[in-house]
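Here are my notes on the model, point by point. Please keep the structure open while you read.

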Amino acid sequence: MIKIEHLKKAYPNITPLQDVNTEIHDGDVISVIGPSGTGKSTLLRCINLLEKPTEGRIWVNGTEITDPKCNICKVRQKMGMVFQSFNLFGHLTVIENIMLSPVDLLRKSRQEAYDEAMRLLRMVGLAEKALNYPDELSGGQKQRIAIARTLAMDPDIILLDEPTSALDPTMVGEVQAVIRDLARTGKTMMIVTHEMNFARAICNRVFYMDEGGIYEDGTPEQVFDHPVKEKTRRFIHRLKVLELDINSKDYDFLGMAGEISTYCNRNQIPPRMASRIQLAFEELVQQALIPSLESPIIHTAIEYSQEEQATKMTVQYNGPQADLTRSGDELAQAVLKGAAAEITYNTQEDRDMANQVVLTVRS
Ligand SMILES: Nc1ncnc2c1ncn2[C@@H]1O[C@H](COP(=O)(O)OP(=O)(O)O)[C@@H](O)[C@H]1O
Ligand SMILES: [Mg+2]
């Protein structure tokens with residue numbers, strides 16, 4: 001249904017898309033992943049012509065939309081876009097936001113647009129908010145409204161650009177649930193997301209973007225579990241394993257807690273386990289190791305396995321060979337034991353960081 005040939009998008013200083021070639025089939029649900037700045041948003045924006053491609057051709061359902069004679073407005077109506085920031089009209093109620101385009105662009109009667117809007121609001125679980133203004137809603141609710149508004153145009157394809165990344169972690173789930181339902185209806189979708197388990201649950205295809213194009217394309221199993229190319233492998237590893245390095249007593253503790261929280265989100269680690277990971281890190285690294293080491297060098301790797309519902313935290317540190325999981329006060333000890341199902345210590349002289357603690361976080 002969508003065919004892209006030699007798509008190039010150049011900005012004055014940078015050319016994020018050098019040569020994109022692909023075919024997207026009806027009903028494909030594609031997760032687009034990749035490091036920041038590799039042109040994921042640019043690709044979505046070129047597909048619905050929010051950006052004018054520098055070179056190359058795009059066909060949608062047999063119509064070449066890059067043809068200058070093509071009616072862009074008609075094309076855009078067939079493509080819904082959901083952004084990170086919801087872009088709702090603040091001066092309109094929820095229901096008016098959803099009815100606006102169907103009435104203005106599709107020339108639907110107000111009654112017809114209203115009925116359809118209410119149906120969609122029920123679908124996203126927000127019928128009771130029809131008469132509220134966007135400001136009165138939470139971020140997660142606003143994004144669900146934005147999705148309903150997109151659906152009101154009955155698009156052939158829905159493009160979602162990091163739809164949950166601006167949300168408070170507690171609201172990610174409700175928006176993902178709506179997107180998951182949508183993916184089951186057979187709609188063609190492209191979604192930029194870093195949330196690996198979510199992507200795995202909804203998509204049949206993954207595009208890994210790098211080096212100016214689609215660098216690797218495959219099923220979620222292929223790309224997430226057996227990536228073929230080196231850069232994909234490194235990127236997937238970074239999604240799966242969080243590595244934290246500390247080289248000073250004055251390291252940014254809150255910054256690292258934030259990284260852990262982002263990691264837990266991305267991997268959809270259940271909240272209880274996520275808070276135990278934070279606790280284990282705080283008690284082991286911040287309370288036990290940092291005060292005991294003169295000039296700390298600490299490497300922490302956190303790896304969550306969805307299959308086993310388990311998280312392994314490996315902490316390596318310098319200094320004399322000593323099991324510091326037993327230092328710290330009694331309360332800290334108790335907290336650490338509460339968070340960890342198992343703690344093992346071992347030491348190896350020839351390593352820079354001679355001490356290693358492996359901790360299994362309780363589920
Ligand atoms: N309108 C623009 N003008 C100039 N440069 C842009 C514009 N939009 C994006 N870029 C640049 O293009 C590159 C790719 O951006 P983007 O598609 O947003 O990446 P991603 O979504 O993968 O993070 C970035 O280096 C970005 O700064
Ligand atoms: Mg982007």
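Where does Lys-9 lie?

1. **Lys-9.** Lys-9 lies in strand 1. Strands here are DSSP runs (E, at least two residues), as are helices (H or I, at least four), and both are numbered from the N terminus. Lys-9 counts as buried because it has 22 C-beta neighbours inside 10 Å. The cut-offs are these: buried is 20 or more other C-beta atoms within 10 Å of a residue's own, exposed is 12 or fewer, and partly exposed is in between, with C-beta atoms placed from the backbone. Leaving out residues up to four places away in sequence, Lys-9 touches Pro-16, Leu-17, Thr-42, Cys-46, Glu-51, Pro-53 and Thr-54. Contact here requires C-beta atoms, placed from the backbone, to lie within 7 Å. Asn-48 is 39 residues from Lys-9 along the chain, and their C-alpha atoms are separated by 14 Å.

2. **Basis of the model.** This is a predicted model, in which local features need pLDDT of at least 70, side-chain atom pairs count only at pLDDT 80 or more, and totals for chains, interfaces and linings use all residues. Residues are numbered from 1 along each chain as its sequence is written, while chains are lettered from A and ligands numbered from 1 in the order in which they are written.

3. Pairing requires at least two DSSP bridges between two strands. Strand 1 (residues 2–9) and strand 4 (residues 55–60) are joined over five bridges in the antiparallel sense. Glu-5 has Arg-57 as its bridge partner in strand 4.

4. **His-6.** His-6 is also found in strand 1. Its phi is positive, about 50°, although His-6 is not a glycine. Most residues other than glycine have a negative phi. His-6 counts as partly exposed because it has 13 C-beta neighbours inside 10 Å.

5. Strand 3 (residues 29–33) pairs with strand 8 (residues 188–192) in the parallel sense over four bridges. Within that pair, Val-29 has Met-189 as its bridge partner.

6. **Strand 6.** Strand 6 pairs with strand 7 (residues 157–161) in the parallel sense over four bridges. Met-81 stands opposite Leu-159 in strand 7.

7. **Asp-154.** The loop between helix 5 (139–151) and strand 7 holds Asp-154. Phi of Asp-154 is near 45°, a positive value in a residue other than glycine. Asp-154 is partly exposed because 13 other C-beta atoms are within 10 Å.

8. **Ligand 1 and helix 1.** Residues around ligand 1 include Tyr-11, Ile-14, Pro-16, Lys-40, Ser-41 and Thr-42. A residue is near a molecule if its C-beta atom, placed from the backbone, lies within 6 Å of it. Helix 1 (residues 40–47) is mostly covered, with seven of its eight residues buried. Among them are Lys-40, Ser-41 and Thr-42. Leu-49, with a positive phi near 60°, follows helix 1.

9. **Two domains.** The protein chain is divided into domain 1 (2–237) and domain 2 (240–361). These bounds come from an automatic or database domain assignment. The C-alpha centres of the two domains lie 37 Å apart. Nine residues from domain 1 and eight from domain 2 make the contact. On the domain 1 side, helix 6 (169–184), helix 7 (196–202) and helix 9 (230–240) each give two or more residues. Helix 7 gives the largest share, three residues.

Notes
Contact = placed C-beta atoms within 7 Å.
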